[in-house]
Amino acid sequence: MGTQTKRPEAERLLTPAEVAALFRVDPKTVTRWAKAGKLSAIRTLGGHRRYREAEIMRLLEQSGGAATD
């Protein structure tokens, strides 16, 4: 009856700093990975990059790393 504006699965988006902390690298490294196509980034209205949590966790598992924090 009404239109839904909320997605069924609202994905959590991570900042470059949050991704960097998970991989234990510098945030600039995360930006370079996105520019190289290793990560897919979503741009905010302000032009900032955000990364899908599900994709990051999948890459983290594949790399053998583990978020133990």
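Some ground rules come first. Residues are numbered from 1 along each chain as its sequence is written, and side-chain values use heavy atoms, with hydrogens and water left out. Since the model is predicted, local features need pLDDT of at least 70 and side-chain atom pairs count only at pLDDT 80 or more, whereas totals for chains, interfaces and linings use all residues. Here pLDDT is the predictor's confidence in each residue, on a scale from 0 to 100. The chain averages a pLDDT of 86, and 80% of its residues score at least 70. Where pLDDT is low, the predicted coordinates should not be read in detail.

The chain holds 3 helices and 3 strands, laid out along the sequence as β-α-α-β-β-α. Helices (H or I, at least four residues) and strands (E, at least two) are DSSP runs, numbered from the N terminus. Confidence is lowest in α3, with a mean of 94, and highest in α1, at 97. Of the 69 residues, 22% are buried; buried means under 20% relative accessible area, exposed means over 50%, and partly exposed falls in between (1.4 Å probe, protein chains only). The accessible surface comes to about 5400 Å², and carbon and sulfur atoms account for 51% of that; these areas come from the Shrake-Rupley method with a 1.4 Å probe, and for residues only the protein chains shown count as cover. Among contacts between residues at least 6 apart in sequence, 44% join residues at least 24 apart, a contact being heavy atoms within 4.5 Å.

Now for the sheet. The 3 strands make an open sheet in the order β1-β3-β2, with antiparallel pairing. β1 and β2 sit at the edges with a single partner strand each, so one side of each has no neighbour in the sheet. Two strands count as paired if DSSP finds at least two bridges between them. β1 (residues 13–14) is joined to β3 by 2 bridges, and Leu13 has Arg52 as its bridge partner in β3. Between β2 (residues 41–43) and β3 there are 3 bridges; Ala41 is partnered with Tyr51, and Arg43 with Arg49. β2 and β3 also form a hairpin with 5 residues between them, and Gly47 in that turn takes a positive phi of about 90°.

In a regular strand the side chains alternate between the two faces of the sheet. Over in β1 is Leu14, which counts as buried at 3% relative accessibility. Leu14 and Arg52 lie 38 residues apart in sequence, yet their C-alpha atoms are 6.3 Å apart in space. Leaving out residues up to four places away in sequence, Leu14 touches Val19, Leu22, Arg49, Arg50, Tyr51, Glu53 and Ile56.

Moving on to the helices, Asp26 caps the N-terminal end of α2, with a side-chain oxygen 2.9 Å from the backbone nitrogen of Lys28. The buried residues of α2 are Thr29, Val30, Thr31 and Ala34, and these pack against α1, β2 and β3. Just after α2, Gly37 has a positive phi of about 90°. Helix α1 (residues 16–23) includes Phe23, which is buried, with a relative accessible area of 19%. Setting aside neighbours within four places in sequence, Phe23 is in contact with Trp33, Ile56, Leu59, Leu60 and Ser63. Phe23 and Ser63 are 40 residues apart in sequence and 9.2 Å apart in space, C-alpha to C-alpha.

Both Leu14 and Phe23 belong to the largest nonpolar core, a group of 10 residues that also takes in Val19, Ala20, Val30, Ala34, Leu39, Tyr51, Ile56 and Leu60. α1, α2 (27–35) and α3 (53–62) each supply at least two residues of this core, and α1 gives the most, with 3. A nonpolar core is defined as a set of buried Ala, Val, Leu, Ile, Met, Phe, Trp, Tyr and Cys residues joined through side-chain atoms within 4.5 Å. In soluble globular proteins, nonpolar side chains tend to be buried together.

Technical notes
A polar contact is a pair of N or O atoms within 3.5 Å; within protein, one must be able to donate a hydrogen and the other to accept it, and residues adjacent in sequence count only if both atoms are side-chain atoms.
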